[in-house]
Amino acid sequence: MIGMVSNVTISKLRPTKWALLPLAAIACAAIAQTDQDETQAPSNGLNIPADVVVFGKNDPSIRKPTAIVNGDIITRTDVEQRLALIVQASGGNIPAEEMERLRRQVLRNLIDEALEIQEAEGNKIEITQQQIDESFARVARNFKRSPEEMAAYLDKIGSSAASLKRQIHGELAWNRLLQRRIQPFVNVSQEEVQGIVDRLEASKGANEARVGEIFLASTPETAEATIENARKIMDAIKQGASFVAYARQYSQASTAAVGGDLGWVRPEQLPDALANEVRTMSVGQMAGPIPVPGGVSILYMIDKRQILTADPRDAVLALRQLSITFPPGTTQEQATEKATQFAAATRTIAGCGSAQKVADQVGAEMVDNDQIKVRDLPVQLQDMMLGLQVGQASPPFGSVKEGVRVLVVCGRDDPQQTQGPNADTIMAQLEEQRVNMRAQRYLRDLRRDAVVDYR
């Protein structure tokens, strides 16, 4: 991204099985903890004798178990540390009334995780500490941290390296189990794959959308409460919470594991209620609650494209950014006056060659970036930048807090005609879908047979 240009929409990156891990490092918030020592007993007229004898022991540093899953204990500490990851993934923007509901969902996830690890161990699948540590180190490298720095960061946000490593252990164990028990028995025929290739060719140029969904199941008796729950989730996301994180925690569809991502679909492939919304939604827009058979859905438009057609937003731009900032204490009137002067000056830009002269005149900072895709810009800027010719400048945009900036198009590499997915890619996608469906049934069976003692 260029200089101070920031994407204000929800992340468009396709969620992976590790989607929650990078999301946990979106924002770094310091959590101040104050230790208070009780130095003296209060004098409150209770007539408590001086030589009291305490019968039994109550150590507040010891957390009682929240649940015991087939003998394995899940403590409240486990719940709170995992919850801290989700809070950070949402930028800390989770309403207070949502926290307890999210805490219960985290507990359910930890129970599932325990069942997955137990089932893997029952099938003689061993995940070594070295494998867990190597995966933890890879996660840390993704955030340009050493394992030690990552552990310190997790402690800072109220989580721990142990909590993240437990999640890694569960993922590795479950994946290994699926590879042994399910994947060998999933078959996709060449005829199925060729049928999809033929349909893609026949649909060339048709509109396709990449949609995220949070599905909440309900019965006629619980429909009203479920709709209200969906509205609260939408409000939290609008306030800055992560759609992907909420989908992983709340969605009751099989896509919850990938952050609710339905992948690329044509509207006609969806139920009518969802298809009608998808046809009118813009990229970055959310819709819902939408009544569907068995519950309600919340949709988020991640992206749009035309099948097997070059997407203009894949064009790579060479941009020059001019930006001005306002000193602390600048009033709205003062900022408006300075921004107006900046706008008048930038309207005289005639190609990138003159941008430096204009920047010197108005005291603007200039930054270059020659490898940025249009789709990586904020949604509000994409159509505007596509309409500019080489040498033209955008209108000024920004705020008093963030400053005002202008983008000048110095070059453009238009996208090539896409060839669409090949047969191997389509086969892999079909296999993954079928493995995920069987994995959900497998986990439901484990839940049904489990002995869970809630405390």
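Which residue in β6 is the bridge partner of M286? I looked that up to open today's notebook, and the partner is Y300.

**Ground rules.** I am working on a predicted model, where local features need pLDDT of at least 70, side-chain atom pairs count only at pLDDT 80 or more, and totals for chains, interfaces and linings use all residues. Residues are numbered from 1 along each chain as its sequence is written, and side-chain values use heavy atoms, with hydrogens and water left out.

**The sheet.** My strands (E, at least two residues) and helices (H or I, at least four) are DSSP runs, numbered from the N terminus. Two strands pair if DSSP finds at least two bridges between them. The open sheet has 4 strands in the order β4-β3-β6-β5, with antiparallel pairing. β4 (261-265) and β5 (286-292) are the edge strands with a single partner each, so one side of each has no neighbour in the sheet. I noted an average twist of 30° from one strand to the next.

**Helix α8.** Next I turned to α8 (residues 223-238), which lies across β3 (207-217), β5 and β6, at about 165° to β5. Axes here are lines fitted to C-alpha atoms, for helices over the stretch in contact, with angles from 0 to 180 degrees between N-to-C directions. Contact means heavy atoms within 4.5 Å.

Which residues of α8 are buried? I found T226, N229, A230, I233, M234, A236 and I237. Buried means under 20% relative accessible area, exposed over 50%, and partly exposed in between (1.4 Å probe, protein chains only). These buried residues pack against α3 (96-122), β3, α9 (243-250), β5 and β6. On the face turned away I see the exposed E224, A225 and K238. After the helix comes G240, with a positive phi near 120°.

**The disulfide.** My search of the whole structure gave 1 disulfide, meaning a pair of cysteine sulfur atoms within 2.5 Å. C352 and C410 form it, with their sulfur atoms 1.6 Å apart. C352 sits in the loop between α11 (332-346) and α12 (355-362) and C410 in strand β10 (residues 403-413), so the pair ties together parts 58 residues apart in sequence. C352 is buried at 15% relative accessible area, whereas C410 is partly exposed at 30%.
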